[in-house]
Structures are given as structure tokens and as C-alpha cells.
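Please look at the sequence and structure below before reading on. The report that follows takes up a surface feature and then a sheet with its packed helices.

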Amino acid sequence: MNHSTKLWTLMIFVMACLVFSPTVVAQEPPGGFETVAENEHLILYFNESTVELAVLDKASGHLWYTNPPERARKETVARGTNKDRLNAQIVITYNSANQQNLMDSFNDSVKYGQYQVVPIENGVRIDYELGQAWRLQDYVPKVISVERFNELLNLIPNEKDRTFLRGLYAEFSLEEGYDPGEDYSIHGVDMEALLGNYGLKVEEPRFRTTDKRRLLQEYLVLVRDTHGYDGLGNVKAEDIAPLHGRPTLILKWNNMQWDIDAAAELLRDVGYTPEEVVIDHEMYSIDPPFPDLRRFSVSVEYYLDGEDFVVRIPTERISFPERVYDRKLDREISYPLTSIQVLPYFGAADSDAEGYLLVPDGSGALVYLNNGKTQALPYNRPVYGTDFAIGPQAEYSPNLKEQIYLPVFGLKQNDHAFLAIVEEGDAQTRIEASVSGMRDSYNKVWASFDVRPNARVSLDAEGELIHLRQLFIYMYQARVVQTDFVVRYSFLNGDEATYAGMAHRYQEYLVNRSGLKPLENRGFPLVLDIVGSYDVVKPVYGIPKNVVEPFTTYKQAEAIISELYDQGIDVLEVRYLGWLAGGINHKLPTSVRLERVVGSRAELQGLYERLSALGGRLYPSFDLGLVHRNGYLDRFIAFLDASRFLNRQSAYMNVHNIATYQSIAEQRRPLVSPAKYDSIVDSFLKDYAKLGVAGLAVGDMGKLLYSDFRTDPKRVVDRQAALNHVVGQMEKFSKSGLDIMLEGGNAYVLPYSDVIVRAPSYSRGFEIIDVSIPFYQMVVSGYVAYAGEPYNLADRTGRHYLLKMLENGSLPYFAVSGEPSSVVKNSDFDHFYSTYYPDLRQDIITLYEEAAGVLGEIWHLPIANHSVLGPDVFMTEYADGTKIYVNYTSEAVFADGVLIPGEDYVVIK
């Protein structure tokens with residue numbers, strides 16, 4: 001069944017549903033579109049000729065198009081293929097000869113009718129075949145017998161076309177005993193040995209001797225190339241035997257390319273195919289045209305699901321050339337499909353539109369439509385941060401400081417907006433965005449998926465290649481990812497069509513899908529990191545040795561906690577670092593081995609009991625993914641237990657010198673394979689249960705996500721599989737009844753988190769971004785307690801820190817120690833440069849009291865709204881109606897009817 005028949009079947013099915021459904025409201029499809037699905041909220045339209053879709057939001061009457069509806073008129077920047085790409089629904093990237101190449105569903109599929117339309121429940125599936133097997137010129141034979149050519153001419157009705165086509169060829173043959181009476185000598189060719197008693201007969205009246213010699217030479221070139229001879233002189237008499245007594249046509253060498261293309265269309269229209277060209281060439285032992293092996297199959301499902309429009313790419317329906325035999329090159333070759341951009345033009349806003357793009361960079365950010373930043377780089381970042389198993393990060397980048405935590409993006413245009421949620425394949429996703437004038441005339445944001453992760457790996461060149469210094473090759477994951485890619489588009493209108501509305505829609509999605517529970521107001525919390533112990537190299541009997549030193553003992557920690565409660569702190573959420581053997585850089589946590597320098601097991605349990613009695617919670621912290629100690633007795637064998645880089649070496653994470661941005665070789669941290677998480681956590685929890693502590697902080701599992709690129713496809717742990725491993729461990733913690741504190745807080749750990757520390761407070765490092773917003777905070781507020789960076793270790797402290805806390809609804813957060821910070825100077829822990837509790841006591845109380853005066857009764861409520869009132873002036877509104885205005889500028893600002901002093905805030909209840 002062809003795609004037209006399938007479409008008509010689908011249309012009949014939908015029409016029948018409309019007839020028998022009393023709830024359907026009749027709607028007129030836009031021009032060229034037909035209805036393919038409908039429910040009480042949405043109508044899905046499909047244009048068969050362009051394979052584009054449109055979604056009607058019944059609540060507003062607004063149409064969302066997969067491709068800009070007026071692109072032919074409004075596109076003024078892009079040209080040629082790039083302009084035609086605005087008609088595409090997907091764009092694929094594939095590699096060829098270590099080069100990245102693009103194909104798209106319009107230029108390489110729809111344009112040639114290489115697609116099928118298949119009805120599915122509530123929608124339609126398009127099966128795209130990208131890449132042409134045959135080029136247009138492959139329809140034109142270079143050599144053909146006169147008899148066969150005349151058969152083709154008889155199929156062409158127009159005499160002018162027949163004359164044109166015949167004029168592109170010259171007729172010749174080799175006739176026995178024929179004497180042309182002309183000298184056809186060709187340099188390097190023994191004409192007597194080659195022709196014997198045959199003579200070259202050319203049936204072209206206006207051909208001169210030089211033309212006839214050129215004709216024979218062109219034929220000999222074809223023979224030489226077919227047999228792989230070094231020169232024309234190697235051509236043998238038997239190689240040209242097919243010419244003996246057979247009138248033949250050869251394509252003239254001076255034809256213009258547009259004439260060749262016109263000839264190809266004439267021959268194609270009469271049913272002549274490249275496969276028949278192969279037969280005609282083989283008659284003369286001439287190389288046939290070779291099919292282009294760059295053929296890719298991708299299917300995209302479009303369907304309605306309640307109020308949402310869903311796009312799915314089934315991985316099982318993705319195919320690309322892998323280890324296929326190339327007859328032309330006489331070897332196996334692969335063209336790995338590495339990524340797919342999905343609906344890059346969905347809802348694209350033109351150069352006259354007003355609104356913004358939402359990108360989930362760090363805390364969240366807006367890119368204003370048509371912001372004029374055409375010289376900036378387009379936005380392009382991986383969801384959940386860098387996959388550190390792709391390859392080592394040789395240099396530190398400020399972009400590593402923050403990442404994408406939520407797999408969402410959005411667009412607002414006038415009174416309408418959409419929020420897109422990457423529902424499956426989120427760990428393999430990149431969020432991309434660009435504004436009008438960068439690549440084309442449209443503002444757009446979309447998701448692209450890594451089908452087969454890859455990296456460019458450098459090879460050192462030595463010896464004769466020393467002048468090249470470095471060579472590069474691409475290396476790939478041993479198999480494609482094993483997850484479908486799904487994006488859910490949700491639509492908002494009117495007052496809801498804002499980034500706050502998008503945050504509420506995603507929050508609602510998480511609550512319904514993940515079962516997030518509302519926070520209880522147990523009192524206004526202070527989050528505290530207590531740094532227990534650290535390791536440092538010291539001389540022991542004159543020999544350098546790694547020694548663990550106390551920074552805050554359990555007894556000191558208990559004294560700090562007691563004093564803070566005495567000073568009026570309501571609730572303490574305490575993370576204790578450096579309690580396992582080895583200190584902060586602890587050994588692989590396959591068991592609970594306590595660090596003795598900070599105290600005994602009984603003292604740790606006493607600290608927990610004391611804090612619990614006061615109403616607080618203790619979260620002893622450990623890292624699961626990073627191996628801080630890799631000694632002979634540390635139960636970690638890199639060959640067996642570490643992830644693999646794409647270059648197949650054991651994977652590690654670099655520690656960088658932030659002054660030079662260079663990695664510190666001796667401080668590399670091996671990455672535990674996610675496949676090992678199960679056994680490590682099972683063993684750890686068995687021991688931890690004996691400790692009797694109800695809280696646990698898993699330092700790296702809330703933020704760090706990486707693959708294991710083993711060479712055996714069955715042992716590969718792609719990033720999506722790694723996510724599932726992490727979630728599996730979080731479920732174990734949850735079933736164990738543990739309260740959990742995490743760093744960062746990627747979306748997949750939110751359902752298991754009680755407190756998130758170092759939650760993103762800003763977006764980072766992209767010129768295209770116009771303003772940071774607390775989108776992350778609006779999503780998690782009311783359901784998960786969160787804090788930014790510790791006040792005393794943050795990039796920005798003082799008044800700015802307080803204002804950011806109040807704008808974001810973050811909890812006050814400090815890192816403290818019982819010993820002076822000077823003891824870690826010139827060690828690997830000198831980033832704890834300001835943690836001595838006696839020095840911080842007053843700062844803690846002052847910040848806490850001021851924050852509690854504003855947030856004390858509302859910190860546990862969802863953030864209902866947030867507005868950008870001007871440059872560095874914002875308003876945050878809570879569910880009870882409380883509004884907090886913050887002004888980061890040094891001058892007073894009058895906004896929203898409120899006078900906000902410089903570097904200050906105003907609260908209106």
C-alpha cells in the first residue's frame with residue numbers, strides 16, 4: 001500500500017470517528033491539510049504533499065505548526081538547501097570519512113517521495129527514507145548500443161526531445177577490415193596491437209580527426225578505469241571486443257551539466273532506470289553507476305494524548321549503513337547516524353514576533369525573540385551535563401560549573417506558549433536554540449538526540465608525520481542507544497502562557513508521574529555542611545605519607561549544632577562530610593568503615609540522636625560514582641570496575657587547577673561503571689542499616705551521569721541505561737526508609753529527594769541568553785527543600801546572596817568546620833578557605849534571622865509566579881499571595897507600583 005492509500009484509509013477512519021462522536025466540534029483544516037486525529041482538546045492536521053503537521057488547540061483556537069506556515073515569504077536569511085530545510089521535520093547527522101554531514105527529511109526524503117504514511121492510534125506515523133540511492137546523472141548511460149538506444153527513443157513522444165537526446169551522443173564501432181584513412185594515434189597506446197585488423201568507424205558527419213581520436217580515447221579511459229589499469233597503454237584488445245561490429249553510442253565529453261540533467265529526466269520519465277544502465281554498461285565491460293549507500297531510515301510517530309501533542313522516534317525503526325560492501329571502493333564501509341534533531345521548527349517565531357525562548361540552563365534562562373545577538377553562538381547543551389565518559393576534560397570550562405537539570409524547553413509568542421518535555425531518551429538529549437538572523441529568519445528551540453554517541457579522538461603523529469602533529473578519528477559507542485525518543489508538547493494560553501506557567505505545567509507533570517509529595521512546615525530550616533576530615537600528605541618518620549586529619553569531630557559538630565539551636569534556629573538539615581575511612585576522599589563505599597580521627601561509632605550515633613531530638617536531620621555523605629582512593633587494598637580494580645572512555649581506556653574525571661584551568665594529573669578520579677552500582681549499594685546499605693542513622697547524602701548521584709563505553713555491545717551502559725541504574729539505587733534508598741540529600745538535583749532524582757544542596761541559582765556562560773530566572777526553583781518549590789551554594793563559599797556573598805535567596809526561595813546554607821580554615825591551606829582542600837565556625841557564627845545567625853523573617857512561613861509553599869520587572873529587578877510570588885520584590889541594582893527602582901530601594905527587597909503580603 002502506498003502512502004496515498006494509507007492516508008485515505010486514515011482519513012476515512014477519522015471521519016467515521018467524527019460522525020459517531022457527539023463531543024466533536026467541527027473545525028475547518030488549514031489550506032492543504034486534512035484531519036488525521038482529534039480529541040476534546042486538540043485536532044491534528046496533516047499535509048500529505050509536504051508531510052508537515054499542525055495542531056489546533058481548541059481552547060484558544062491557536063494553530064501550532066511543525067514548520068513555519070509563511071516561510072516562503074518571510075524567510076530572508078537562508079538560501080538554497082538551508083532555506084529548503086525549513087520544510088523538514090527531522091535533521092540527521094551522520095559521519096563519513098571523519099566528517100560530520102547533514103541530511104533532512106525534506107531535501108533528502110520528501111522531495112523524492114521517499115516516505116510512507118501509516119495510520120496509528122490517535123495520530124500518524126511517517127516512515128522517512130533519507131538519501132537517494134541514485135543520482136540524477138546515474139539515469140544517463142555513458143555507453144549504449146544503438147539498437148538499445150533507439151528502443152528508448154521510440155518511447156519518447158516529442159520529436160524535439162528525441163533529437164536533443166540523440167545529439168548528446170556520438171556513434172562509433174570497430175569494423176573488421178575497415179580503413180578509416182585517418183591517423184588515430186594516442187600517446188602511449190600501441191594502436192596496431194590494440195585494434196588488429198579492425199578499424200574505427202565514426203558515424204558523426206561533423207567530426208574531425210581530432211574529435212574521432214578524442215572519442216576513442218574517452219572510451220579507452222572508461223575501460224582503463226573499469227579494469228584498474230595504470231594507463232591507456234595497458235588496455236588489451238579483448239577489453240574492447242564488445243565494440244567489434246556493434247554500432248555504439250558514447251556520451252559526448254563536452255555536454256553541459258544541465259543538458260545531462262535534462263536527458264536524465266527524459267529517460268527516467270520513460271521508465272529507464274539506473275539498474276538498466278548497469279546492464280547496458282556491463283555489455284561493454286564498463287563500470288556501471290554505483291548506488292549511493294548513504295541511505296537512512298527513520299520513523300516518526302505523531303499523536304495526541306489528552307491535552308498534549310506527542311512525538312516519538314522508535315529506535316527499532318532507525319537504520320543506517322553499517323559494515324556494508326561498497327562495490328565502488330571494493331571494501332566495507334559504514335555511515336554511522338549519530339544524532340537526530342526533532343521538529344527544529346515547531347512553533348518557530350518569525351522576525352516580527354514578541355516573546356521568548358525558555359532554555360533550562362542552570363536555574364533557567366530566557367532568550368528574547370529577535371534579540372539581535374546574531375553573532376553569538378546558538379545555544380547547544382546536553383541535558384544532565386557533560387558525559388565525562390565521552391573523553392577526559394583536559395581543561396576547565398566555566399560551563400562545567402552549571403548544567404541542564406531539567407529535560408524541558410519552551411517558547412512564548414504573544415499570548416500563546418508551549419512547554420516541551422523530553423519524556424524518554426532524556427539522558428541522550430541536547431537542547432538547542434537560535435534566534436532570527438543566526439541561521440535563518442526564525443527564533444526556535446528544539447531537542448536533538450544522540451543515537452550513537454561519538455567523539456573525535458586525537459592520535460599523536462610522530463616520525464615522518466611529525467609535521468602533522470595530530471591526527472583525529474571518530475570513535476563510536478559499540479551500539480546505538482536502546483531507548484525511544486519522546487517529546488511531549490503541552491500548550492498554554494493567556495495568563496498561563498509564561499515561563500511561570502511552563503514551570504507549573506512541568507511541576508504538575510512530575511507530581512502526576514512521579515508522586516512528589518508537598519512539603520510540611522516543620523520550622524524554617526538552616527542547611528549546614530559540616531566538614532569532618534580530609535587527607536593530606538605529611539612526612540611520617542621522614543617518609544611522605546597520606547594522612548587523614550580531623551577538621552570537625554563529632555563532638556565539635558554536636559557543640560555547633562547545640563549552639564545554633566540555642567540561638568533560635570528552628571530546624572537544622574546537616575550534611576556531614578568526611579565520616580568514612582579516608583575522609584572526604586573516602587575509599588570505595590562497599591562497606592561502612594568509619595574514619596576514626598573524627599570519633600567513634602558511638603559518637604556518630606550520639607550526634608544523630610542529639611540532632612533528631614532537636615528536630616533536625618543528619619545526612620552522612622558519600623560518593624558512589626567517583627573513586628577518590630585507588631590503592632592496592634581499596635577493593636577497586638579499574639580494568640574490571642571502571643567505565644570506559646570512547647577511546648576504550650579506563651574513564652576518569654579530571655580535577656582542575658582553577659587558576660590555570662589545567663588538569664592535575666595526580667588527582668584524576670576514576671569513574672565507577674554504572675553496572676557496578678547495584679553490588680556496591682547492596683553491600684553498603686547492609687552495613688549502613690546497622691548504624692541506625694535515618695538520613696543519607698549521596699553527593700554525586702544527583703548531578704553526575706555518565707556512560708560505560710565497553711567494546712562488547714552487550715556490556716555497554718549508554719547514558720539512558722546509566723540513568724536507570726541511578727534510579728534503581730534511589731529506589732533502594734527510598735525503600736530503606738532513608739531521608740535523602742542530594743547535590744544538584746537532576747530531574748530523575750527529584751522524587752527521591754528530601755533536600756537538594758547546591759541547586760542551580762544562575763544560568764551560565766552563553767551570550768545568546770538574556771536573563772536568568774528561577775525556573776528550576778518554581779518546578780521543585782513546595783515539594784523539595786533546596787539551597788544554593790554555601791554562603792561562605794559562594795561566588796557572590798553579602799547582600800547579593802540574600803537577595804538571590806529571597807528571589808529563588810532558597811534556604812540559608814553554610815559550610816562549617818570545628819578547626820580553623822588555615823589548617824587546609826596549601827592542601828587539596830583549600831577551597832574550604834572560610835569555614836571556621838566561630839568566625840561564621842554571627843553571619844549564620846544574621847542571615848538566618850533576616851531570611852526567616854521573609855520566608856519563615858512560606859518557604860514550603862510553591863512559587864506561584866515570577867516576573868522580570870526590569871534589568872536586575874524581579875518579583876517572586878508565593879501560593880499564599882506573598883510577593884517579594886528584589887532589586888540588585890544600586891539605585892532605587894519603581895516597578896509594579898512598588899518602590900524598591902537599591903540592593904534591597906520589599907515584601908508585600
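In which helix is L640 found? In this predicted model, L640 belongs to helix α13, which covers residues 638-641. L640 is partly exposed, because its relative accessible area is 43%, a value that lies between the limits of 20% for buried and 50% for exposed residues. Together with I637 and F639, L640 forms a nonpolar patch on the surface, and the accessible area of these residues together is about 330 Å².

A separate topic is the sheet. Four strands make up an open sheet with antiparallel pairing, and their order is β41-β42-β43-β46. The edges are taken by β41 (863-870) and β46 (904-908), each of which has a single partner strand, so one side of each lacks a neighbour in the sheet. From one strand to the next, the twist averages 15°.

Strand β43 (residues 883-887) runs antiparallel to β46 and is joined to it by five bridges; within these strands, V886 stands opposite Y905 of β46.

| Helix | Residues | Strands | Angle to β46 |
|---|---|---|---|
| α17 | residues 798-808 | lies across β41, β42, β43 and β46 | about 30° |
| α18 | residues 837-855 | touches β42, β43 and β46 | about 35° |

Technical notes: Residues are numbered from 1 along each chain as its sequence is written. This is a predicted model: local features need pLDDT of at least 70, side-chain atom pairs count only at pLDDT 80 or more; totals for chains, interfaces and linings use all residues. Side-chain values use heavy atoms; hydrogens and water are left out. Patches are made of residues with over 30% relative accessible area and no salt bridge: like charges are joined within 9 Å, nonpolar side chains (Val, Leu, Ile, Met, Phe, Trp, Tyr) within 5 Å. Accessible areas come from the Shrake-Rupley method with a 1.4 Å probe; for residues, only the protein chains shown count as cover. A salt bridge is a side-chain nitrogen of Lys or Arg within 4 Å of a carboxyl oxygen of Asp or Glu. Helices (H or I, at least four residues) and strands (E, at least two) are DSSP runs, numbered from the N terminus. Buried means under 20% relative accessible area, exposed over 50%, partly exposed in between (1.4 Å probe, protein chains only). Two strands pair if DSSP finds at least two bridges between them. Axes are lines fitted to C-alpha atoms, for helices over the stretch in contact, and angles run from 0 to 180 degrees between N-to-C directions. Contact means heavy atoms within 4.5 Å.
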